[in-house]
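Welcome! Have a look at the structure first, then try each task before reading on.

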Amino acid sequence: MSVEAVRMDQEKTKLNVRPKKFILWLFIVTSIMLIGAFTSAYIVRKAEGNWVEFELPKVFMLSTALIVLSSFTMHWAYISGKKLNFGAQKTALWITFALGLGFLGSQWTAWQQLVAQKVFFIGNPSGSFLYVISGAHAMHIIGGLVFLIACLAGVYKNIPQVKNVFRLELASIFWHFIDILWIYLYVFLLLNH
Amino acid sequence: MATQAISNPAAVHHDHAHDHGHEHHHETFLNKYVFSQDHKMIAKQFLITGIIMAVIGMVFSILFRIQLAWPDKEFPFLEVILGKWGAGGRLDPNFYLSLVTIHGTIMVFFVLTAGLSGTFSNLLIPYQIGARDMASPFMNMLSYWFFFAASVVMCSSFFIQTGPASGGWTIYPPLSALPKAMPGSGLGMTLWLASMALFIASSLMGGINYISTVLNMRTKGMSMTKMPLTIWAFFFTAILGVLAFPVLFSAVILLIFDRSFGTSFYLSDIFIGGEALPNTGGSPILFQHLFWFLGHPEVYIIIMPALGITSEIIATNSRKPIFGYRAMIISLLGITFLSFIVWGHHMFVTGMNPFLGSVFMFTTLIIAVPSAVKTFNYLATLWRGNIRFTPAMMFAVGLVSFFITGGVTGLFLGNASLDINLHDTYFVVAHFHIVMGCAAIFGMLAGVYHWYPKLFGKMMNDKLGYLHFWMTFISAYLVFFPMHFMGLDGVPRRYYEFTEFEQFKQWLPLNQFITIAAIIGALGQLLFLYNFFVNIFRGKKAPQNPWNSNTLEWTTPVEHIHGNWPGEIPTVYRWSYDYSKPGAVQDFIPQNVPFSETISSNTPEDFGYHGDETQFVHEFYQAKHLTVSDEQKAEKAN
């Protein structure tokens, strides 16, 4: 390789991390707009009347507890990864992953409770909105789990530490985002149902 | 290779780096022309796909214009090209509605959003800010291929039994939500939604990339306030897209649930053939809110890149700095902000609370302020400029003309009380075709003429360009200006045969006039297509900086290379509008020329000093009056 080509490659690796992290932040902005559109639609539609009221599933409390806890374990994974403590990083990532799955299971139970209450996806929009909003959030959780798998794969394959930390950083940004997103949604639903 | 980067010390190594580039990246046909991750190639892909979609959209418009002008005549060729939709030489009414719908969709989204932003953001953002490529070249490639897939799905709806979507480009429910509502509401509508979902994904990936690149990858010295206005415009456009498209996505998701799963977000109390549908509790107005929350920013997504391109072209070809550089940025920012709080002006007649209507009216009319700032700045830039009428310049000035004409009618429509009369008439059609259709396409064409040498390394034919300009400019006014009068008379838009109504019969001759003007305008585009495609292969080889322009893209070699600059990325020392600077050797000083090389033209302001000129001392500053008198002496001696 010529000197120029080497320089271009160096420039590349030097520059690539920051814009890519920024891309994740911008993706989070689009998610906020999507969820924001759903919740605004909820308010606009509710204001027009003909809105069937029902009890929110109690199991949402459990979901909230699980997702908040998982944020702590995610942070634990990030700190351990940064300190080159890969054993702890693995454990913490697996716990986060399990809590994420637990959250999805808990949401599924919530949907079953809704069905038991005769609140169906098809029917008055008050129920449909709840399914759409929690479903859209669940899609984000699945995305977050993919991030976690990437982190786990990285640490098991022993990728360079720079990359490992970068993956951890991206995963924890996204994971904390979906945690806060759920808390917002739950508070929103509590206030507006 | 004959071309060398201006004032680039590493340019001598050019051949060397280029050859290694080839070896290093193993360019095959597939990854060079098809799955390319190079921003320049992706720009060309967007442009050519956009041009093809534009031709399709234009042909559709000619077809329905023929129907409007001669509703009782039979045209056997319609049956030949359209089959059952042109049976007996008459356009099928349902197909007419499909043509109107798909014409709108293609032009708004596929040509003026993806074709315009996709082409010029991709081409110019890395070039003008001095970056090797986009933040994520891979996402950039995906963005194009999602767009391509969206185009294919949209066009494929013409080859199904029930025809394409036909509920208008705004796809209001219930027409779009009930598959049985009309032929186009069936599979055609499903394909429309699938296509738009792909399109939204493409736009978001593109927009996210543009923002990240502009904020993170500017070359040394390129502060935000040294960026050309093109980049500012693309940047704000991308922000609009990133904020607005997810909302359209949410509207589309809810619509898909209503269509396919039986939910009632938008549907309530509907009877088909006397029988009530089970849907209850939905609100079609909700869809309009969600749709126009995207839909209004969308019209600025269309016009702002065109405005940015125009700023650059007008300044370059007037050989003058752009008038009010910061005012231009602030007005773009103002438009970006205001565009999110005006969507209600599309809904004045939905039974909206009149008080809320007056709020939307107020915000809408305020948009006139930043728009007028931009217009006045264009005119002030032209004023006493040393104008060169290149084809690009003609189109840029054409944009200013359309922006004024169409903007003024926007003030009529923004008034809630007037809008009640004018809503859904040809007045609206005239307004938005002039201000966002013609103005934006003129911006796009100006961009193509101006950056063609950069895109393809060849020159376009100027004479054909002028002819293309005059045919397009005149026919566009002849087509859309008369529509204002039809609208004032109450002629409704989207009707298959409105001249059947007794009170509108008098408009038939005008309809024929408009259609003839439209056909002439369409023929004018053939000149462009010829000029564009033939010169890719046969055009005169372009010099490195054909327009004597200041921006960084003209410091790259004519032949495209991976990484844009053969050596180091140039450093930026000044803004991009140093045209005809007093005391300078040439009438332009590129952004990468340091102040140490331009001592004769430096001013105290260049070094951030705004006080008394006679007090200012700097190693690269020469008191101006001396220089001028020296020159005057020399002139007198001659």
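Helices and strands here are DSSP runs, a helix having at least four residues and a strand at least two, and they are numbered from the N terminus. Please keep in mind that this is a predicted model.

**Exercise 1. How many helices and strands are there in chain A, and what pattern does chain A follow along the sequence?**

Step 1. Begin with the count: chain A holds 5 helices and 0 strands.
Step 2. Now walk along the sequence, and the pattern of chain A reads α-α-α-α-α.
Step 3. For the overall dimensions, take the principal axes: the C-alpha atoms of chain A fill a box of roughly 70 × 35 × 25 Å.

**Exercise 2. Which residues of chain A does the UniProt annotation "transmembrane region" cover?**

Step 1. Turn to the record: an unreviewed UniProt entry places this annotation on residues 22-44, 59-79, 91-109, 129-156 and 168-191 of chain A.
Step 2. Check one of these spans in the model. Residues 22-44 of chain A are 100% helix and 0% strand, with 32 Å between the end C-alpha atoms.
Step 3. Residues 168-191 of chain A are 100% helix and 0% strand, and here the end C-alpha atoms are 34 Å apart.

**Exercise 3. How many residues of chain A are in contact with chain B, and which helix gives the most?**

Step 1. Count both sides: 31 residues of chain A are in contact with 39 residues of chain B.
Step 2. Look for the helices of chain A that each supply at least two residues to this side; they are H1 (3-47) and H4 (125-156).
Step 3. H1(A) gives the most, with 21 residues.
Step 4. Sort the side of chain A that touches chain B by residue type: 20 are nonpolar, 5 polar and 6 charged.

**Exercise 4. What domains does the domain assignment of chain B give, and how many residues does each bring to the contact?**

Step 1. Read the bounds: domain 1 of chain B is 11-269 + 279-538, and domain 2 of chain B is 577-637.
Step 2. Taken over C-alpha atoms, the centres of the two domains are 43 Å apart.
Step 3. The contact takes 7 residues from domain 1 of chain B and 5 residues from domain 2 of chain B.
Step 4. On the domain 1 side, these divide into 4 nonpolar, 1 polar and 2 charged.
Step 5. Compare with the record: an unreviewed UniProt entry annotates residues 29-597 of chain B as "domain: Cytochrome oxidase subunit I profile". That span is 63% helix and 1% strand.

**Exercise 5. At what angle do the axes of H9(B) and H12(B) cross, and which residues make the contact?**

Step 1. The axes of H9 (residues 284-318) and H12 (residues 368-382) of chain B come within 9 Å and cross at roughly 15 degrees.
Step 2. Angles under 35 degrees count as roughly parallel, so H9(B) is roughly parallel to H12(B).
Step 3. The crossing of H9(B) and H12(B) is left-handed.
Step 4. H9(B) contributes Leu307(B), Thr310(B), Ile314(B), Ala315(B) and Ser318(B), while H12(B) contributes Lys374(B), Tyr378(B), Thr381(B) and Leu382(B).
Step 5. By type, the residues of this contact are 5 nonpolar, 3 polar and 1 charged.

Definitions and conventions: Residues are numbered from 1 along each chain as its sequence is written. Chains are lettered from A and ligands numbered from 1 in the order in which they are written. This is a predicted model: local features need pLDDT of at least 70, side-chain atom pairs count only at pLDDT 80 or more; totals for chains, interfaces and linings use all residues. Two residues are in contact if their C-beta atoms, placed from the backbone, lie within 7 Å. Ala, Val, Leu, Ile, Met, Phe, Trp, Tyr, Cys and Pro count as nonpolar, Asp, Glu, Lys and Arg as charged, and the others, Gly among them, as polar. Domain bounds come from an automatic or database domain assignment. UniProt positions are given in the numbering used here, feature names are shortened, and annotations may be inferred rather than shown by experiment. Axes are lines fitted to C-alpha atoms, for helices over the stretch in contact, and angles run from 0 to 180 degrees between N-to-C directions. Angles under 35 degrees count as roughly parallel, over 145 as roughly antiparallel, 65 to 115 as roughly perpendicular and the rest as oblique. A crossing is left-handed if the near helix is turned anticlockwise from the far one by less than a right angle, and right-handed if clockwise.
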